[in-house]
Number of protein chains: 2
Amino acid sequence: MVPFVSKMTEATYFILAALLEAPLHGYGIIKRAGDQSGGRVKLAVGTLYGALDRLVEAGLVVLDREEVVDGRPRRYYRITDDGGTAVREEAVRLQQAARVVTGQIAVMGA
Amino acid sequence: MVPFVSKMTEATYFILAALLEAPLHGYGIIKRAGDQSGGRVKLAVGTLYGALDRLVEAGLVVLDREEVVDGRPRRYYRITDDGGTAVREEAVRLQQAARVVTGQIAVMGA
DNA sequence: CACCATATATCGGATCCCGATATATGGTCC
DNA sequence: GGACCATATATCGGGATCCGATATATGGTG
């Protein structure tokens, strides 16, 4: 029973979105989420690691590899196929929600 | 200090969206939010009245009028100018968030 | 030497969602 | 007549989540 099927928080969404292009470590996710949102989303570390644990448990993200740079560990996370599907579905829901207010009902594909 | 400026929950967004066209009473908001989201959003009553109280307190929604139908009270809520601005801004944020994943960077206006 | 960016991790307060519950009326079905 | 459902409002409490504070550690900059 995978969660995130009908609802996803903003933090979770941007974490998955940040991982779409390439695996990243925690701090890298925070920075990329900030970049991708135009500086609007500032993930707190407490938010990140909690959400990351839930995503790993749900199978939407997996631990890719661990590196040690300057004595500090770096844990890279990778998005799974399920994670990619989930974040793309969420993007569609966000777009549909936006259209309710913007009034753009253009039903291009389906 | 008006909240909802940088973040708005899904429930709050759909409540405001439901009120854009005309004032509605609580139960009417629940039904319209369900319609507008294609049946996806099912506001629980506990969610509605809690969120409604916060919105009134924040000045995004006001009590429009009270009616009594069949001995049952009906309390109509109306969205304010601030509420309209807030929900339109949120719609833009949702669209921008969706674009992060869908890749549509079409910068039409600004 | 102080401070900041990088990097991970945990804890607890605060916020919010939402099902359960309560109350009340009118219509439908059997 | 009684069971059930839609309508309609309201409250309570559990659970999920966010997030600032805190802790620990290293290397670079002023």
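Ala, Val, Leu, Ile, Met, Phe, Trp, Tyr, Cys and Pro count as nonpolar, Asp, Glu, Lys and Arg as charged, and the others, Gly among them, as polar. This is a predicted model, in which local features need pLDDT of at least 70, side-chain atom pairs count only at pLDDT 80 or more, and totals for chains, interfaces and linings use all residues. Residues are numbered from 1 along each chain as its sequence is written, chains are lettered from A and ligands numbered from 1 in the order in which they are written, and side-chain values use heavy atoms, with hydrogens and water left out.

Q: How many charged residues does the surface near DNA strand D have?
A: A residue is near a strand if one of its heavy atoms lies within 4 Å of it. By class, the surface near DNA strand D has seven nonpolar and six polar residues, and the charged ones number eight.

Q: Which residue has a side-chain N or O atom 3.3 Å from a base oxygen of DNA strand D?
A: A polar contact is a pair of N or O atoms within 3.5 Å. With a base oxygen of DNA strand D, such a pair at 3.3 Å involves the side chain of Arg72(B).

Q: How far is a polar side-chain atom of Thr9(A) from a phosphate oxygen of DNA strand D?
A: Thr9(A) is among the closest of the 21 residues that surround DNA strand D. Its polar side-chain atom and the phosphate oxygen are separated by 2.4 Å.

Q: Which residue has a backbone N or O atom 2.7 Å from a phosphate oxygen of DNA strand C?
A: Among the residues that come nearest to DNA strand C are Arg74(A) and Tyr27(A). The backbone atom at 2.7 Å from the phosphate oxygen belongs to Tyr27(A).

Key. Polar contact = N/O pair within 3.5 Å; in protein donor to acceptor, adjacent residues only side chain to side chain.
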